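Reader: I would like to go through the charged side chains of a protein with you. Could we look at the structure together?

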Amino acid sequence: MIDIEDIRKDFPILSRTINGKPLSYLDNGATTHKPRQVIDSIVSFYSRSYSNIHRGVHLLSREATDLHEDARETVREFINAESREEIVFTSGTTESINLLAYSFGERFVDEEDEIIITGMEHHANIVPWQRLCERKKAVLRVIPIDDKGNLMLERLPELITEKTRLISVTHVSNVLGVLNPVDKIIEIAHQNSIPVMLDAAQSVQHLPVDVRKLGCDFLAFSAHKMYGPTGIGVLYGREKYLESLPPFITGGGMIESVNLRKSEYEDPPLKFEAGTGHLAGAVGLAAAIDYINEIGIETIREHEEKLLGALEEELKAPGDVTIYAEGAPKHGAVSFNIEGIHHYDAGMILDRLGVAVRTGAHCAEPLMKHLDITGTIRASVGLYNSIDDIDRLLAGIRETCRMMKV
């Protein structure tokens, strides 16, 4: 069981008041706050061990390199990758997917080949594939969703053809909070010798993710959504694929040798890490993972599921609230709308009451169009949220209805 009071003491920003009200931060799907342990790890790195990595023979460079590679090992263990060479540091999920779309596309995608995504993807898992298809004259195909927001998995076999080169899907929807049946998607894909990429930006902080158990070929996530710093993320890729893919960005740090006619690249993961990356970010990411591990990811999942279950149950009561993917097990988020009240207006009133939620399309416009709405109110929880936060949100919704429905 999580001791919420002790946990909240680790997060300096949660002591703030908003408009004289206690802060109930329920926008964790957009970004999470940082515990002192993460902040201190970054300050320590800059204060004691900062230098560039993989190049210097002096002590600071060696220390910085060791911390960076220790962080890579921490990530490897966290997702149970087979080797640290399968862990590529990027600026976040968006760059990870763009890297894969470019490099995989250059190596494996030709004219009239096909990429499959779903109808509930974040824009970061749509637009890079659209660009790939434009560049290569390939075709983007979509697994549809039903009116309740559930993935219509029965349609996948008919979408797969001999020209399907990759399936890229969200693990947990950033809007609906639903866990997609990725195990079945991977099974069907592999029966047809098709690799699978998982967008895990909304899953690794909420539930255990084991890439070997899942069997996925690629996986991406961001530190800032799991209590780490911004500007650092991960692309996991099976070693056999990373070895065959061309680099996305070239420059210093990823070169084995250069002459004026031809260059030879380092082996993965360095082949994909040109230039000086967010070194302190990697240290902060490792500290965030250590923090999660100390609490226990299963403990976090149970805690958050109780909060979301209580919220959804109470939201049903008024009768004028539409919950999207109602009844489906949720991880991290619940999206809803209040009849007759624009989501933006509701968000503004809730903010005046100290409750931070996200409103709008959540970078998922195709999903919004499918649901025939312009946006939702999304409440997304983290390990530091309590039932008091849920109660304040519900009280804020009642006050919003009182103000807007006079």
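Reader: Is Glu 256 buried or exposed?
Author: In this predicted model, Glu 256 is exposed, because its relative accessible area is 55% and exposed means over 50%.

Reader: And where does Glu 256 sit?
Author: Glu 256 belongs to strand S11, which covers residues 255–258. On the surface, Glu 256 is part of a patch of negative charge, together with residues including Glu 82, Glu 239 and Asp 267.

Reader: Let us change topic. How many salt bridges are found in the whole structure?
Author: The search finds 19 salt bridges. Side chains of opposite charge can pair when their charged atoms come close.

Reader: Which residue does Arg 72 pair with?
Author: Arg 72 forms a salt bridge with Glu 273, with 2.8 Å between the closest N and O atoms. Arg 72 lies in helix H3 and Glu 273 in the loop between strand S12 and helix H10, so the pair ties together parts that are 201 residues apart in sequence.

Reader: Are those two buried or exposed?
Author: Both Arg 72 and Glu 273 are buried.

Reader: What about Asp 6 and Lys 9?
Author: Their side chains meet in a salt bridge of 3.9 Å, N to O. Both residues lie in helix H1, three residues apart, about one turn of the helix. Asp 6 is partly exposed at 43% relative accessibility, whereas Lys 9 is exposed at 58%.

Reader: And how is Arg 131 placed relative to Glu 134?
Author: Arg 131 and Glu 134 are in helix H5, about one helical turn apart, because three residues separate their positions. Their side chains also meet in a salt bridge, and both residues are exposed.

Notes. Residues numbered from 1 in each chain as written. Predicted model: local features only at pLDDT ≥ 70, side-chain atom pairs only at ≥ 80, totals over all residues. Heavy atoms only, no water. Patch = residues over 30% accessible without salt bridge, like charges linked within 9 Å, V, L, I, M, F, W, Y side chains within 5 Å. Areas by Shrake-Rupley, 256 points an atom, 1.4 Å probe, with all protein chains shown as cover. Salt bridge = Lys/Arg side-chain N within 4 Å of Asp/Glu carboxyl O. Lys, Arg positive; Asp, Glu negative; His and termini not counted. Charge placed at Lys NZ, Arg CZ, Asp CG, Glu CD. Helix = DSSP H or I, 4+ residues; strand = E, 2+ residues; numbered from the N terminus. Buried < 20%, exposed > 50% of the residue type's maximum accessible area, 1.4 Å probe, protein only.
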